[in-house]
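Here's a quick briefing to read alongside the structure.

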Amino acid sequence: MAAALRLGAVLAASGPVILTAFGVGRQSVGWFCSATSSAPFPMEGPYTLEYVPGELLFWGVLLLPVIVISLLLRGSRRAALTAVATVGFVLAFGLIIALLLPGPDPCTGQERAVVLPWPLIVCYPVAACALLLAARSPLPRRQQGVILWAGAVGAAAWAAMFHRYMVTYDMWGLDVIYRAIPESPWDGLAWWSGEADRIGFPVVLVALAATARATVSTRWGRFAGIAAAAALLLFPLLDVATYSDDLEIPFAESIRWPLLLAAALVASAALRPSVRISWTGTVHVALSMIGGRAKQLAVAAVIAIAGIWLIVSSFTPTR
């Protein structure tokens, strides 16, 4: 029962991101707006760089599941109550943003009408209630694999950090760009995965996998971790399946390498959670999953190349 409550709490805390990724709670405007002005100004949009209060709310909503599971892993009743307070704070901040600081409309630049954040209002009280009930039975403290899970969260949030759209508004002329109709189901799935990546859906997958691994049995926890890793792996595989020479982006740049790295880290953390991980041990765990010196060297090379690519891509223009 306690494990179900903890899983339910993290799932409810992830609710706004999940609902938005699947089309619930999206704004009824173009996905982003652009103008021909030489002096564009960043404006708010569904998956775009926000104005400062909206940006803070975006990251609060995105990282709340990670914060909740991090506090739950401390294993104390006080940590669980702190998680409840954190959920309440993000909900209150979301209501303040919606009622007092709604921000400019992404396509007109005018202050938009007040719209209550129903995903937050519906999901966060459920998460708080589940946390309060779970606080009655503290979880044994588990710190194994923290570095692997933290690395997976960082890699999963890469697109949200560096590859979100910037909306521009021109007072003299405005062009609204709507999403094109996909030519095939694969194209539609690839487009959806790009949007879900930018709003942080992969972060939710990592948080849920970490919760399952820490709360349920070893067998089901490993299964949840492998399932999450497979889901993360689907994102770069879609990039490969839908790549075309007609695109102006080189093949290497079209692959979402951070999610490939996140999948490897999640699988490592799920399969070897009993080993206390250090910075040196992280590499050892990843290599020990595949036998043979040649395969170990290949895995090490892939991890090194992916890490270098992540650093280099963070300094390149977003696409």
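Residues 24 or more positions apart make up 80% of the chain's contacts with a separation of 6 or more, where a contact means heavy atoms within 4.5 Å. Keep in mind that this is a predicted model, in which local features need pLDDT of at least 70, side-chain atom pairs count only at pLDDT 80 or more, and totals for chains, interfaces and linings use all residues. Residues are numbered from 1 along each chain as its sequence is written, and side-chain values use heavy atoms, with hydrogens and water left out.

**The chain overall**

- Of its 319 residues, 45% count as buried; buried means under 20% relative accessible area, exposed means over 50%, and partly exposed is in between (1.4 Å probe, protein chains only).
- The chain's accessible surface is about 16,400 Å², and 70% of that belongs to carbon and sulfur atoms. Such areas come from the Shrake-Rupley method with a 1.4 Å probe, and for residues only the protein chains shown count as cover.

- The mean pLDDT of the chain is 75, and 65% of the residues reach 70 or more; pLDDT is the predictor's confidence in each residue, from 0 to 100.
- Over residues 28–46 the pLDDT stays under 50, and the model has 65 contacts beyond four places in sequence for them.
- Residues 314–319 also have pLDDT below 50, with 12 contacts in the model beyond near neighbours in sequence.

**Salt bridges**

- How many salt bridges does a search of the whole structure find? It finds 2, a salt bridge being a side-chain nitrogen of Lys or Arg within 4 Å of a carboxyl oxygen of Asp or Glu.
- One of them brings together the side chains of Arg256 and Asp197, at 3.7 Å from N to O. Arg256 sits in the loop between α11 (251–254) and α12 (257–271) while Asp197 is in helix α8 (residues 185–198), so the pair ties together parts 59 residues apart in sequence.
- Asp239 also forms a salt bridge with Arg256, and their closest N and O atoms are 2.9 Å apart. Asp239 is in helix α10 (residues 218–242) and Arg256 in the loop between α11 and α12, so this pair ties together parts 17 residues apart in sequence.
- Shared partners join Asp197, Asp239 and Arg256 into one network of salt bridges.
- Are these residues buried or exposed? Arg256 is buried at 9% relative accessible area, Asp197 is buried at 5%, and Asp239 is buried at 11%.

**Helix α5 and its surroundings**

- Helix α5 (residues 118–134) has 17 residues and reaches 25 Å from its first C-alpha to its last, close to the expected 24 Å. That expected span is 1.5 Å times one less than the number of residues.
- Buried residues in α5 include Pro119, Leu120, Cys123 and Tyr124.
- The buried residues of α5 pack against α1 (2–13), α2 (15–21), α3 and α4 (77–100).

- Glu55 is in helix α3 (residues 52–72) and is buried, with a relative accessible area of 18%.
- Leu271 lies in helix α12 and is partly exposed at 30%. Leu271 and Arg219 are 52 residues apart in sequence and 9.7 Å apart in space, C-alpha to C-alpha.

Key
Helix = DSSP H or I, 4+ residues; strand = E, 2+ residues; numbered from the N terminus.
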